[in-house]
Amino acid sequence: MESLFEFLFKYRPLIFERGDFMFSAPWTIYVAAVVGVGLLVPTVLLYSRARGKSRPIDRTVLSGLRILALALLLFSLFRPVLVLSTVVPQKNFLGILVDDSRSMRLADADGASRSSLVRQYFGAEDSELLSELAEKFILRFFRFSAEAERIHDVSTMGFTGNKTDLGRALSRARQELASVPLAGLVLMTDGADNTHESLEEPLLGLRARSVPVYTVGLGQEEFPRDVEVSRVETPRSVLLGASLVVDVTVTQSGYTGSTVDLIVEDDGRIVNTQQVELPREGEVATVRIPFKATEPGPRVFGFRIAPLDGELVVENNEQEALIVVEDHRKKILYFEGEPRWEIGFLRRAVAEDENLEVTLLTRTADNKFYRILFDNPDEKLVGGFPTTREELFEYQGLVLGSAEASFFTLDQLRMIADFVSQRGGGLLMLGGRRAFVEGGYAETPIADVLPVVLEGTDAEEDFLAEVQVSVTLSGRTHPITQLAETIDESAARWEDLPPLMTVNRITEVKPGATTLLEGEGPGVSDQIVLAYQRYGRGKSLVLPVRDLWAWQMRTPLEDMTHETFWRQLLRWAISGVPDRVRVASVADRVAPEEAIELVGEVEDDTYLKVNNTSVVARVTSPSGMVDSVAMDWTVDRDGEYRAAFLPREDGLHKVEVSALEDGEFLASDASYVRVKDPAREYFGSEMQEATLRRIADETGGRFYTPSTVSTLAEDISFTESGTTVVEQRDLWDMPIIFMLLMILISTEWGYRRLRGLV
Amino acid sequence: MRLIRPTFPVFLVSCLAVSQFGDPGTALQTPDPSADFALSFAEARNGGPSDPAFPTVRRQWGCRGPHHGVAEDSLGKYEFYFTRTIYSGYRRGCSWSVDYPRADRIFLHGLRRMTVIDAYDMENPVRLDDPELLRFPFIYALEVGAMGLTPSEEEGLRNYLLAGGFLFVDDFWGTYEWLNFEREISRVLPEYAVREIPLDHPVFRTVYDVDSIVQVPNLGNGRSGWRTHESDGYVPHVRGIFDDNDRLMVAVHWNTDLGDAWEWADDPYYPLKYSNYAWQVAINFIVYAMTH
């Protein structure tokens with residue numbers, strides 16, 4: 001199409017885009033007007049007065065054709081030209097940025113690798129492109145991946161970079177060439193930026209300096225055959241033995257409808273396998289796969305699909321995630337307003353779970369309590385439910401049983417709400433005659449926290465129902481409700497469980513809350529059995545049934561549903577509950593020689609932010625070397641401290657953070673980060689045409705592919721950047737003008753013949 | 001651990017006084033008017049009033065008390081049901097119904113007054129081989145010296161206990177009756193031994209501090225003050241069967257009659273101290289069963 005345009009209009013479209021149109025005839029506009037009128041008026045008069053056989057329509061057509069021919073002639077006589085800025089040879093610099101990352105090794109350029117094209121363009125002495133560019137410009141080469149640097153010869157490039165940062169590369173080149181006349185930048189890359197950083201700022205800098213960027217996209221926009229495990233969402237830490245349900249995102253091309261095995265590995269040991277039907281091309285499949293974390297410590301979980309026949313890239317078939325499997329006790333306070341069977345059965349269900357420490361406090365008579373504690377039995381909870389934030393906030397979870405709201409003071413109710421929103425704890429309210437609306441919780445601070453709507457202050461009188469529990473669509477794949485190895489087996493298990501009794505009519509969840517279990521019974525439908533929502537930093541759950549123990553008493557002895565459910569419920573409720581001091585690295589995996597960025601948060605025992613205190617991170621390398629790094633308060637965010645550390649070894653690094661206030665130890669936390677070559681270069685590594693076009697369009701450059709790159713040198717020469725001269729290019733001799741003239745005259749003659757007017 | 005020491009005798013007397021004479025002005029929790037402990041002799045003999053709201057339990061001719069379970073609209077409504085086990089035995093199979101239902105109702109009345117337990121205020125007899133037994137995690141059995149379980153009852157009781165149920169045994173005396181009970185329970189739980197529950201066990205501290213094991217006499221002995229024991233059961237014992245996780249599954253009160261102490265707590269000639277103790281021990285064990 002472009003060559004046809006060039007044949008008709010003499011120049012390529014780019015010339016027309018870059019040039020300004022004007023007439024360069026020496027006559028003034030008045031002379032032109034007189035000549036025009038002088039030609040047109042007699043023509044019109046002659047044709048309008050002519051008689052004979054011609055009809056008015058004939059005269060109109062013929063005069064029109066003749067006027068158009070004359071106008072075309074007149075247009076040419078005025079000598080139309082394009083005024084262009086072109087660079088002065090060897091007076092301007094041209095920056096050539098070449099992608100040095102690993103994705104350039106992919107062989108998707110007609111069987112050749114992307115890097116071989118780079119060598120062909122700039123590494124070979126007989127390269128036409130190189131000689132054309134070198135003829136017009138002074139060339140400056142840069143290679144880039146995570147960083148950009150000047151090079152003299154592209155043949156020295158190894159294409160080993162493990163990151164592609166387009167924005168940083170463009171900014172660096174612009175800064176380095178800021179003091180010279182710069183005609184533009186050539187960006188030779190696949191465009192697969194994997195920094196997730198915005199390009200807005202680098203492009204703004206280029207636009208401000210009027211530096212056009214000519215992007216050359218290497219590789220295919222879509223691989224013919226490939227499967228990619230694009231994304232895995234996992235928590236950073238879980239309790240030992242926790243059930244996890246992880247979302248794994250899979251994309252593919254060329255394998256629509258195929259079924260593959262998605263394998264989960266815990267440090268190389270297979271912990272689950274699930275069959276996945278690959279989605280249609282261009283679509284994303286999100287697979288939820290359950291598994292258990294059974295080994296303590298920092299564990300690397302792998303999620304992979306075995307390479308398929310004909311796959312171009314196999315490195316993107318696997319994602320890894322570092323999960324710290326914690327093997328210490330989490331504290332839960334279970335408060336009951338009356339002795340209930342749920343207490344004993346719950347305690348029995350979690351008795352063998354060494355990571356859960358359930359402290360029980362139950363009222364046995366008015367103002368009389370029975371405590372079952374784990375530590376300091378003589379001191380804690382003597383006066384009943386905690387009255388201070390320090391006392392309550394030492395727990396990660398709180399289970400409220402059948403205890404009426406009026407039992408608590410308003411301060412205690414607010415404190416429970418703060419326990420969820422500020423401390424980030426997990427709150428679970430159980431059903432019972434003194435819970436929810438029946439317990440007078442509507443319009444209390446706790447009603448705001450709960451995921452369900454508590455309507456009115458009067459309970460439905462004597463509501464009592466036996467409901468068969470079923471799992472909702474959300475519940476099918478939730479970690480709490482996984483009762484079997486696979487999601488389907490788990491869903492089937494729910495259908496066989498004994499019904500449960502409820503005395504709390506709850507049917508509506510708040511916006512943003514999720515229902516996992518619901519119940520139906522005679523005259524009762526849509527009864528919520530288990531729902532949750534995030535509230536502030538924590539989460540709240542409701543379980544408005546009164547005899548979950550029926551799943552223990554009324555099922556076969558070997559059935560472990562009751563135990564499994566309680567453990568998963570409590571573990572999930574307290575998962576992710578923050579400690580007073582927290583540390584995490586911005587990424588759980590960094591490349592060698594990449595800095596580990598640490599972010600910490602410090603709070604006191606009432607979970608109020610502590611600013612400007614002493615926070616030190618001790619980083620232990622795999623070989624046991626310890627480095628201490630002071631973490632500084634970020635000032636703009638309360639309680640947040642940051643530091644960066646450059647690792648000297650590959651492997652797993654342990655980061656322990658301690659906070660001191662006035663010389664006294666506050667608390668500590670530990671985290672892990674891996675230093676390892678990342679495989680991110682192989683994810684989303686198709687040529688990103690949209691990104692490259694955007695860079696070109698926003699800077700006034702142009703996008704090229706290997707098939708169009710031959711005009712690059714000439715195109716760049718038409719620029720207003722750098723040292724340029726103005727030149728005019730004639731348009732009067734465009735073939736299209738001659739052709740149009742011939743067509744008009746021929747048409748007039750043909751019309752006369754047809755109408756017998758010759 | 002006891003946090004606040006109650007004036008228990010005073011409270012119990014006031015509670016019973018309310019129940020006997022009725023005090024509509026009391027701020028305390030009042031019992032259900034249908035809880036009529038003064039069952040007529042005819043009702044007791046004939047198996048109690050016939051009421052279609054109550055599911056009928058398989059009748060055993062000659063046994064005392066009404067033969068019905070929990071009223072349908074009350075099943076599942078309450079947390080605690082004082083469930084008396086109907087078991088087969090030697091005295092025409094009626095030893096399960098001794099003191100029934102008066103002791104059950106008066107005990108429940110006291111339980112509701114002295115604790116915040118959400119207790120159903122009527123009796124609830126259930127057969128050991130009835131699958132419905134699994135709805136009630138606490139069961140009471142007495143006069144087990146005459147117990148003679150059928151294979152289906154053995155299986156029902158075994159499944160019940162291993163699933164998490166709790167058996168409270170009371171009112172049997174002397175070596176002969178002990179040997180009978182021991183033989184029966186060893187067929188139910190052959191892998192577990194019966195052992196003494198020491199006084200420092202938490203079960204004696206859940207609600208009330210029980211510092212000694214008291215021999216509670218039956219009505220006649222209590223009224224006369226002549227003696228407290230029966231047969232050769234001179235020393236009272238509280239024994240138990242614990243599961244693999246040291247959970248108390250069976251509590252055995254031997255050489256003592258807590259049931260009579262509940263049933264006749266309103267008798268002016270029956271010593272109040274025995275009733276006090278009987279309630280304290282039973283409440284302790286119930287709270288322990290519910291929380292462990």
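These legends describe close-up views of a predicted model.

**View 1. The largest nonpolar core.** This core holds 160 residues. Those touching the most other members come from chains A and B. From chain A they are A:Ile332 and A:Tyr334. From chain B they are B:Ala141, B:Trp262, B:Ala278, B:Ala282 and B:Phe285. Helix 8 of chain B, residues 272-291, gives the most to this core, with 13 residues.

**View 2. Contacts of B:Ala282.** Neighbours within four places in sequence are left aside here. Beyond them, B:Ala282 is in contact with B:Phe107 and B:Leu258. B:Ala282 is also one of the residues that touch the most other members of the largest nonpolar core.

**View 3. The chain B side of the contact with chain A.** Chain A brings 34 residues to the contact and chain B brings 27. On the chain B side, helix 4 (151-163) and helix 8 each supply at least two residues. Helix 8 of chain B gives the most to this side, with 4 residues. By class, the side of chain B that touches chain A has 14 nonpolar, 9 polar and 4 charged residues.

**View 4. Parallel pairing in chain A.** Strand 3 (residues 92-99) of chain A pairs with strand 4 (residues 137-144) of chain A. The two strands run in the parallel sense, over 8 bridges. A:Leu97 stands opposite A:Phe142 of strand 4.

View 5. A:Phe141 stands opposite A:Ile151 in strand 5. Strands 4 and 5 of chain A form a hairpin, with 3 residues between them.

How values were computed. Residues are numbered from 1 along each chain as its sequence is written. Chains are lettered from A and ligands numbered from 1 in the order in which they are written. This is a predicted model: local features need pLDDT of at least 70, side-chain atom pairs count only at pLDDT 80 or more; totals for chains, interfaces and linings use all residues. A nonpolar core is a set of buried Ala, Val, Leu, Ile, Met, Phe, Trp, Tyr and Cys residues joined through C-beta atoms within 7 Å. A residue is buried if 20 or more other C-beta atoms lie within 10 Å of its own, exposed if 12 or fewer, and partly exposed in between; C-beta atoms are placed from the backbone. Two residues are in contact if their C-beta atoms, placed from the backbone, lie within 7 Å. Two strands pair if DSSP finds at least two bridges between them. Ala, Val, Leu, Ile, Met, Phe, Trp, Tyr, Cys and Pro count as nonpolar, Asp, Glu, Lys and Arg as charged, and the others, Gly among them, as polar.
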